[in-house]
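This report looks at a pocket, a disulfide and a helix in turn. Please keep the sequence and the 3D view side by side while reading.

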Amino acid sequence: MKSSPIAFSLLLTFISPVLLRCSGEFTGGIEDESPPTICIVGSGIGGSSVAHFLRNYSVSTGLNRAKILMFECHEIVGGRMRTVTVSGDVFEAGGSILHPKSYHVKDFVERFNLTVRLPTPIEESSAIGIWDGKSFIVKTFGSPIKFPFLDTIVSWVNDLYLFLRYEFSLLRMSSFIENTVDNFLKYYGSLESRPIFDNVEGMLKWSGLYNLTKLTLQDKLAEAQLSPLLVNELVTVITRINYGQSVLISGLAGAVSMAGSGGGLWSVEGGNWQMAAKLINHSDVTLHLNEKIESISHLGNYYELKSTKGNSFKCDVTVVATPLDEVDIQFSPAISIPKRELQHTHATFVRGLLNPGYFGMKSVSDVPALVGTLEDPLIPFSCISILRKYSDTDMTYKIFTRQPASDSLLDELFSTRTETIRIDWGAYPKYHAPEVFAPFILDDHHLYYVNAFENAASTMETSAVAGENIARLIISRFMPKESSSSSDKRSCSAGLHPDL
């Protein structure tokens, strides 16, 4: 959501043929045995990516015949990628925005012929306001008509306005983001240059990103010599919109949030959840909808999964691809992971008309298309944005709040409301520095946890990245010794992006 903090190209890794036999339990050759069963709990982008990469990367291994079972407690797939319909129009309600360098999800869209949806003119309006609870302390200009030459002039004026306010801190902010992205780009190196990772810390240390998780974003930006004014205003607005949190979040999550506030953002026409649906459909997965897993037990040579429907399933490998923070799955033997809370985002969709008087304005046209806010407990919302404009008096808005938006608050914010839809979802972790990570491998056998990576940053792309790494990890620990490095390379390179 850019709502799911704005998505962006993070940490893509592939199997290194040299390191396919990484440390871990070896199960021996399986070509002459019955195919193993891999069970995946969760059908979001993380779980569906695991299934996809397992199929792509295990072509020349004994796992190519594996049965993949997937369990989803809801009636539809997609996890935290969900849509909402307001007066017949479909809008993203969960993970909503993708970065131009989200290479995994770009590949999914191209592979399955999904349609890219670019922002509408009102969604990419340059009219942005920063509200301090009493007035707009920052208010940029928007173009009254969509005309390229006029847009360029307005952009120059806004750039000058922001430079006069924040001075060279703007350039230092860009440098901070670029340096972080450069480290991310190490994950696009050749297969031979990149190892497979069995823990999150190692994955981050290898790319030079680990230290960003040890300090707050505020501290990291102070080190980069950004002015407190810029951090407390513009950066705060970004982190409140993308992660519902302040600049006291850990530095890497904050950097991801900042990078995701740039241009070139996109989504999937009809809903981002379609990526998960396509991945599942094309990975020969047996899907169990409305099947909530209540226990996972390791019984010697296999795992037994039991659901609330009374069904049980025997699995050689089990992958947990849903946050364990708010689910009640009983593990036997018990597992140990750091305690973590999820930050709930309350997304409220309103069709109607904003009340300009709330912002001290005479006309609704004077209110910016995107209203961000400072970190102040007295301000009852994080942001308000226009999703669609039907006329000057009829629009659809999205409001983010940390608490449920009451009718009394909405009646203050809007002069008219014809439809209101509220959604409460555990969107992403509450970030704290220094971050402590759960393991990718939850036991000494084959129980894996995709969402361990979310303490670094949480986006659709990072979920796909973690899913890919888990798939490689499973293959490397289940791989027959007799598999040659050449066949390893063939099976892995099938998933490479052509532009890399």
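## The second largest pocket

Helix 1 (45–57), strand 15 (342–354), strand 19 (414–429) and helix 11 (460–478) each give at least two residues to the lining of the second largest pocket, and strand 19 supplies the largest share, five residues. Helices (H or I, at least four residues) and strands (E, at least two) are DSSP runs, numbered from the N terminus. This is a predicted model, in which local features need pLDDT of at least 70 and side-chain atom pairs count only at pLDDT 80 or more, while totals for chains, interfaces and linings use all residues. Residues are numbered from 1 along each chain as its sequence is written, and side-chain values use heavy atoms, with hydrogens and water left out.

The lining of this pocket has 42 residues, and those nearest its centre are His 74, Gly 79, Arg 80, Thr 322 and Pro 323. A pocket is an open set of points on a 1 Å grid over the protein atoms alone, where a 1.4 Å probe fits, with protein on both sides within 12 Å along at least five of seven lines, and lining residues have an atom within 4 Å of a point. The space in the second largest pocket is about 900 Å³, a volume being the space filled by probe spheres set on the points, which are joined across faces, edges and corners.

## One disulfide

The structure holds one disulfide (a pair of cysteine sulfur atoms within 2.5 Å), and it joins Cys 39 to Cys 315 with an S to S distance of 1.9 Å. Because Cys 39 lies in strand 1 (residues 37–41) and Cys 315 in strand 12 (residues 312–315), the pair ties together parts that are 276 residues apart in sequence. The torsion about the S-S bond of Cys 39 and Cys 315 is about -75°, so the disulfide is left-handed.

Both Cys 39 and Cys 315 are buried, where buried means under 20% relative accessible area, exposed over 50%, and partly exposed in between (1.4 Å probe, protein chains only). Cys 383, at 3% relative accessibility, counts as buried, whereas Cys 73, at 40%, counts as partly exposed.

## The two sides of helix 3

Which residues of helix 3 are buried? They are Val 154, Asn 158, Leu 162 and Tyr 166, and they line one face of the helix, because seen down its axis they fall within an arc of 90° (taken from the directions from the helix axis to the C-beta atoms). The face turned away from the buried side of helix 3 carries the exposed residues Phe 149, Trp 156, Leu 160 and Leu 164.
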